[in-house]
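Visitor: Can you walk me through this one? I'm new to reading structures.
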Amino acid sequence: MSSCPFAVMLAAAALLYTAAMSSPAATVTDSSVRDALAPGWLGLYPTDRFRLATGHCKYCLASKQALWYFNDDMLAVARGEAAGYAPRLRAQDDVKAWLAEGGGKPRDVPPPLLWIGSPHVAEGRLLPDGHLLRAGVAAPLPVALTPKLSTNRSYADASSLAFFADGEVKARGAMREDRFVIRTLWPKRYAMPAAAASQPLAAGETLESLVRAGHGGARSAYATRTLWRRDGGTQALPLAGKPVLAFVLNGAQGDDDEAYGGHFAVATGRFGMAGEWDDWLVNNFYSLASVSEKGIIASMLPMDAYMGDLNSGQAWYRPSYLLVAVLRDQRAPALYQEAISRVFNHFYRQDFHYRHASANCAGISVATLRTLGWDIPRLGGESPLKAAVALPYMALKEASLASGQSAYDYLKTERTELLPFAAFNTIGEDLLGRLAAGVGKVGLEAQLAADLEALLFVRMPQFPSSRAFGSDPVLSLREYQQRAPANRADWRIVPLAARPFPASLQDAGAPKEPRPPSAMATWIWAGVAIASAAAGLAGLVARVVNR
């Protein structure tokens, strides 16, 4: 066996994992290792409103469809009343009806299911010899890393340990026999105890330029910047306990030509007493139709798991950026969280499907914000005229109607609901402009305009590992074409296994899914083709008759 400490950690994990993960986690006798639901918060909700369970839970409020995706994985499920859904309404129609029924106010009900992934939490300094040095505890805790998924193309390495050794970490994992098996790593030095004096965008600076700085900042230092403060103060503004609505943009991957667009999510929560934000809830939409090679499952999950899970964490394969709306009241983030929980209930039932061109991570999130009353400015499709031509052109070129329809949808779809970077930029500009000025009409935007205290920009570098470094995401389809190889055969693509949804879980009474824009365009082109053929045939008949 290699004498390298990192190799020792991996070997220990491999030996423990197969046997131990199939059995219940060990009873924690070490006071420095706590239960994942020890007193604290998950987003806006105290942890005592949840209990630990797995996807096999028999008496959970979560739907059987939602539980099916998680199998043996660890979940936090609501103890009492939880966000529901109207099974005969489409997701956004459901949100509209729920909003009207409640007078535009949240009900203080948590999500029915959160993906926790681990039963325990430990904190301390990660040592290179495979131990965790904990404050106030003389004996270091032996640790191992959860094994790399066989489908994952990279993993933590010695550079990762060096990165996390620079300060204390929070680790989610499980006590197994004599050691703690780490699944998630989070740098505690990322805490934000206070907002500094406002440093507005200077002349020539934009949110886009902040994201693009340093080619996306994958190798840059972690940094925060106060873009705006209502009080205009020059002294630090304490953030402890303040609620937030945060917008997360993840950059482009460095090893996948299908991932230049980045990713988008909305997070809710409140700052901890020392400025911690690792327990904010991230609402992460991904396709449920395939099995992610990194183990990602569309879910509501804590920020540290979203970013730092050793296999599925976003920070392991690209840089990230956050716009954090610091608020004086939690009504706006609570309203969004309860609404998006209803959307997730529909999503798990497959009442609607994830579509990269018309219902993706940005589209689902932004559509829900708009349903709640935030009139986020629309940019329009990238090129509706090109879309009309692209449908028949790509269908004929690739002998595939699906290819033509996909091209149409990409060019026609509203850009804030298609491109994560466009959504992030537009939301940020609206916050810095209209809403910071107190101009909010109704619903969610009126609440934000009244409650906004500060707007923070956060840049998270990529965690070092064996994976290639990522970069800033693209802001247009044209930019995507410029980055990707001209010959699609040269693209680096990760093949994914299908995840068939059991027929027994399908609801025959569910509303029909809205058709993408290309459906109508296809009928129009079919009509044009038939009319053209008929005209040609009529002309031919006329020529024959007139001879």
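Guide: We'll take salt bridges first, then strands.

Guide: This is a predicted model: local features need pLDDT of at least 70, side-chain atom pairs count only at pLDDT 80 or more, and totals for chains, interfaces and linings use all residues. Residues are numbered from 1 along each chain as its sequence is written, and side-chain values use heavy atoms, with hydrogens and water left out.

Visitor: How many salt bridges does the count come to?
Guide: The count is 35. A salt bridge is a side-chain nitrogen of Lys or Arg within 4 Å of a carboxyl oxygen of Asp or Glu.

Visitor: What does D73 form a salt bridge with?
Guide: R183, with the closest N and O atoms 2.9 Å apart. D73 sits in the loop between helix 2 and strand 5, and R183 in strand 11, so the pair ties together parts 110 residues apart in sequence. Helices (H or I, at least four residues) and strands (E, at least two) are DSSP runs, numbered from the N terminus.

Visitor: Are D73 and R183 buried or exposed?
Guide: Both are buried. Buried means under 20% relative accessible area, exposed over 50%, partly exposed in between (1.4 Å probe, protein chains only).

Visitor: Switching topic. Which strands does strand 9 pair with?
Guide: Strand 8, antiparallel, over two bridges. Strand 11 pairs with strand 9 too, in the parallel sense, over three bridges. Two strands pair if DSSP finds at least two bridges between them.

Visitor: What stands opposite L141 in strand 9?
Guide: L132 does. V143 has F180 in strand 11 as its bridge partner.

Visitor: How many residues of strand 9 are buried?
Guide: Four of its five.
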